[in-house]
Amino acid sequence: MHFTTVDYIIFALLLVASAGIGLFYAFSGGRQQKTSEFLMADRSMSCLPVSLSLLATFQSAVAILGAPSEVYTFGTQYWFLGCSYFLGLLIPAHVFIPVFYRLRLSSAYEYLELRFNKTVRICGTVTFIFQMVIYMGVVLYAPALALNAVTGFDLWGAVLAMGLVSTLYTALGGLKAVIWTDVFQTVVMFAGQTAVIVVGASQAGGMGAVWKKAVNGSRIAGLDLNPNPLERHTFWTLGVGGVFLMLALYGVNQAQVQRYLSSRTEKEAIMSCYVVFPCQQIVLCLGCLMGLVMFARYGEDSPLDKGYVQTNDQMVLYFVMDVFRDLPGLPGLFVACLFSGALSTISSAFNSLATVTMEDLIKPYFPNMTEAKATLLSKGLALVYGLVCLAMAYIASRMGSVLQAAFSIFGMVGGPLLGVFCLGMFFPWANPTGAVVGLVAGLVMAFWIGIGSFVMRMPGPTPLPPLNTTASPLFDNMTTSVMTTLVTAKPRPTGVEALYSLSYLWYSAHNSTTVVVVGLIVSLLTGPMKEKELTPGTVFPVLGTLLFFLPERYREKLCCITPLGQKPKENTQPYQMATKDSNGAAFCKEDTVTEDKEMESDRALTEDEDLEARVVPSCQLRAHTVQETAM
């Protein structure tokens, strides 16, 4: 099964259109001559494109390949992951977005400096860069490898095409180009998946026949309420453990936070989360339906068992080529869909990495850098990260079985980063020492469990086969797509083995909780922060709300009365970016209140002067007119 000329044309059109959008924004508007425009889209984006970009960023190619394979092999239990989307998007909308947006940040890790200090900020930034650099090469190489194995499409031709095109439009067009190409690529993804489902279902005798075969084959899963955290997929692991995975993605990941902050208003940023929710459900349903259609076509005779494909993640492409065998052009559409997922993920990674490098590692040390130099350097950083991505793809090709470990490394980092943000946002007495020690403890715990789990499942002295030979899923976001270990049927593990057998969906919850617990203990031992030491607007008042029944003096001792602040009017900045004295002490709350009152007084005085300035000329003009009439 190979591509036809029409398929190649459709695939090429995708790459040309994506590059064209980048070139358009490179030579229109402000031509990306300011860092605010290049990195933050001039904070001018509306709700719909931001929503679709949020969706596309983590709807990667590995998700398009992995979710149907998961449903084909294990059934529809995976669908219950959709239950986690509700809280996983509601909490970021009403907790994280208000805090980040009102602080007018460019990098999510600026928050860590405002709340703690520069050391915590740099630790968070370096951790984020580490996880993204590892993931970029893998997300680029894995779909190209599957495509090469099934269709004969040139492996490195596909890698270079994706890497260079995404680098081109990201480095030239900035965040605005990334967001609008995400919108275009989302439409292509929906079209490709829908085409496969419609044609595949019609060949299987309709959706009724598909459903009947799935029921007879025990692929329609019921509600599994088993509370055992060692079980790979139950309602609790998917619906509750999945919430923490979603928070790590949609709450504190720079790629998503940057999109919130590019919105015109806080309200539109919040609405983008609400719009993503039904879109995520549609994506989930499409993946499940494609898996059921695959089962209706092949039943228990898997192409993997017959030796037609080498790994589980190649099954979807084999199915697509099989279904569209006599329909030239449609395989090219699905491959365009597949590579749209890869392009959207990679371009978002380039842009977010350029932003955190610029804002967190360069600007603080070169405060006098001109805007032109900063913009040029930002574009250079996006280009450099694009080349790093290609290098990582080559390294991934040499790693063999370690690819699965690379996916695991990425997932293990998301939980500790979520934990350090939660520590700062919800626990006012947490101090910088507690944040650093908690983050390190969370990372150590994450790598201990992840690597131990990986080693424990190695089949004796022989190396593991290539990526994902266990029929494990690659899911629909960058964190959930990584833990692909499968709990096999064997005696119930005990002791350390039980920890290694923890379901991958609980990893984020476990590691973020470790950060919070260790961080709080260390903070209490080394001296908790006091109310006046906190930068206004960096603490979400959840404890103050929960402990409303306590007298104010007790709540003040618990540091639980710092308000988040009123919702800002459009185009205003309620909080100034925190500046610290030479001794590192943040401005006190009382000072900020006094300054706010003085600013309001000055604003009122200015408005009176403006009114007077408008009234006086009009009176003079009226008097002049009367005088001329009299003459």
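Are Asp 360 and Arg 121 buried or exposed? Hi everyone, let me start there. Asp 360 is buried, and Arg 121 is buried too; buried means under 20% relative accessible area, exposed means over 50%, and partly exposed is in between, with a 1.4 Å probe and protein chains only.

A quick word on what we have on screen. This is a predicted model, where local features need pLDDT of at least 70 and side-chain atom pairs count only at pLDDT 80 or more, while totals for chains, interfaces and linings use all residues. Residues are numbered from 1 along each chain as its sequence is written, and side-chain values use heavy atoms, with hydrogens and water left out.

Back to our pair. The side chains of Asp 360 and Arg 121 meet in a salt bridge, at 2.6 Å from N to O. That pair links distant parts of the chain, with Asp 360 in helix H14 (residues 330-362) and Arg 121 in helix H7, 239 residues apart. By salt bridge I mean a side-chain nitrogen of Lys or Arg within 4 Å of a carboxyl oxygen of Asp or Glu. Helices here are DSSP runs of H or I with at least four residues, numbered from the N terminus. Asp 360 and Arg 121 also belong to a network of salt bridges with Glu 113 and Lys 118.

Now let's look at H7 itself. Helix H7 covers residues 118-151, 34 residues in total, and it reaches 50 Å from its first C-alpha to its last. Of those 34 residues, 25 are buried, so H7 is largely enclosed by the rest of the structure. At its start, a side-chain oxygen of Asn 117 comes within 3.2 Å of the backbone nitrogen of Thr 119. After H7 comes Gly 152, with a positive phi near 80°.

How many salt bridges are there in the whole structure? The search finds 10. Another one joins the side chains of Arg 297 and Asp 322, at 3.2 Å from N to O. Arg 297 sits in helix H12 and Asp 322 in helix H13, so this pair ties together parts that are 25 residues apart in sequence. Arg 297 is partly exposed at 33% relative accessibility, whereas Asp 322 is buried at 11%.

One last stop: the loop between helix H12 (266-298) and helix H13 (315-323), where we find Ser 302. This serine, Ser 302, is buried at 7% relative accessibility. Its side chain reaches the backbone nitrogen of Leu 304 at 3.0 Å.

Terms used: Helices (H or I, at least four residues) and strands (E, at least two) are DSSP runs, numbered from the N terminus. The expected span of a helix is 1.5 Å times one less than its number of residues. A polar contact is a pair of N or O atoms within 3.5 Å; within protein, one must be able to donate a hydrogen and the other to accept it, and residues adjacent in sequence count only if both atoms are side-chain atoms.
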